[in-house]
Each structure stands twice: as structure tokens, then as C-alpha cells.
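Hi,

Here is the structure I promised to send over. Have a look at it first, and then read on for what turned up.

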Amino acid sequence: MNLEQLIASFRVDADDLVEPFLFQDEWVAGWLTEAQAEAAIRGRLILDDADPAVCQIAVTAGTASYELHRSVYEIADLRFMPAGASRSTPLALVTREWLDDKRPGWRDLADEVAYAIQTDHRLRLVGVPASDGVLHMEAYRVPLKALANETDKPELSEAHHRHLIQWALHRAFSRPDSETIDPQRADRALEAFTRY
């Protein structure tokens, strides 16, 4: 389904069929964009291993910290390919607490890179890379762009599109507006979205 079809389905389910509509198209498009991201995170629906903008990071010798692509929320696999090498080295994703316990003094290690720590926006390599190279990752991410134009389609599989409307209904009936607020409908829609 494209955005136009999703909004039309939302209007039927919300019983918002007569102009002027209770819910503006821009609001519904925003809620459907939120729904797509929520579904991607909750269901771990988008595992990317192909888009270089998302899955590769250029490494500079002597630099240990790198920004992750804004869409990445969980790294599933991480490898370092030094410049000129023919094989990559897998890096173990660990926590600071694990390193503090197992490798005290890890912040000052001059060893070859063997571990990485993922935070919300960054990736910290442990030790410090001795050469330039590229990090290759497989990562769970949210969709790359918002649903804005009528012909835009969610990045998720078509099988999930219909269920995105439940999130939009939840958001619509949660609005603090005397004409539209309906906590019971909002809760039922959220429960349906969560169950799916």
C-alpha cells in the first residue's frame, strides 16, 4: 500500500470520511511514519547488510570512536577490514561493564582492535586501530525516510502495512481534543498494534 491508500484505510477505520476531516492528512502521514519505525524496532523487521551508507564506516588509524548511521539501533554483526587486507576480523560487541570486569585498563589498550561498544549514536573500538580500514556491519535499523508523498510506500514488507493503521488510530484517538479524544479506542488500537 502507498501513503494515499494507507490514509484512505485510516479514514474508514477512524470513521473520518466527511470533509472537513477531523484528522489532517499531514498528521496521519506522520503517525504512519511513526508506526513504521515502531514496527521496525519492536519486530526487528529491517536487517540491513547491503547499504554502504548504513553498513560501512571508514576507519582512520589512531581513532577509536565513530558515529553510527542515524537509522541504526542494534548491530547484529561487526567486522573490521584493515586497508590492504583480504579478510576481515570479527569484533565482539560488549559493554563497558564487561570490559571493566574482563579487561581492566581497556581504555588504554594499544592492542589490535578486538572489541566494540555500541552506544545510542556511536561505536567505540577497543583497542585503537593501527591502520586505516573499513568497518562492515549487519544492523537492525528504522526506515530511512518519512512517508510524505502520496506514492511513498513503507519500507516494511506489504504484509505489515495494514497493521500500521492501528498505531495511527492510537495516536489519533489519544489527541487531547474534545471532538476526537477516545481513550478506549486509542487503547484498543495500541493493543492491536502491539499484539501484531
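Strand β2 (residues 56-59) pairs with β9 in the antiparallel sense, over 4 bridges. In that pairing, Ile 57 sits opposite Leu 135 of β9. Bear in mind that this is a predicted model.

β9 itself covers residues 133-141, and β1 (residues 47-48) also runs antiparallel to β9, with 2 bridges between them. Here Leu 47 is the residue facing Tyr 140 of β9. Then there is β4 (residues 72-82), another antiparallel partner of β9, this time over 9 bridges.

Next, the open sheet. It has 4 strands in the order β3-β8-β7-β6, and the pairing is mixed. At the edges are β3 (65-67) and β6 (92-93), each of which pairs on one side only. β3 is joined to β8 (residues 122-126) by 3 bridges, and the two run antiparallel. Tyr 66 has Leu 123 in β8 as its bridge partner.

On to the helices. How do α5 and α6 pack, in terms of angle and axis distance? Helix α5 (residues 158-172) meets helix α6 (residues 183-195) at an angle of about 150 degrees, and their axes are 8 Å apart. Angles over 145 degrees count as roughly antiparallel, so that is the label for α5 against α6. Their crossing is left-handed.

As for who touches whom, the α5 side of the contact consists of His 163, Gln 166, Trp 167, Leu 169 and His 170, while α6 brings Ala 186, Ala 189, Leu 190, Ala 192 and Phe 193. By residue type, the contact of α5 with α6 splits into 7 nonpolar and 3 polar residues, with no charged ones.

Is Ser 9 buried or exposed? Its relative accessible area is 19%, and the cut-off for buried is under 20%, so Ser 9 counts as buried. Leaving aside residues up to four places away in sequence, Ser 9 touches Met 1, Arg 162 and Ile 165.

That's what I have for now.

Cheers

Terms used: Residues numbered from 1 in each chain as written. Predicted model: local features only at pLDDT ≥ 70, side-chain atom pairs only at ≥ 80, totals over all residues. Heavy atoms only, no water. Pairing = 2+ DSSP bridges. Axes fitted to C-alpha atoms, helices over the stretch in contact; angles between N-to-C directions. Parallel < 35°, antiparallel > 145°, perpendicular 65-115°, else oblique. Left-handed = near helix turned anticlockwise from the far one by under 90°. Contact = heavy atoms within 4.5 Å. Nonpolar A, V, L, I, M, F, W, Y, C, P; charged D, E, K, R; others polar. Buried < 20%, exposed > 50% of the residue type's maximum accessible area, 1.4 Å probe, protein only.
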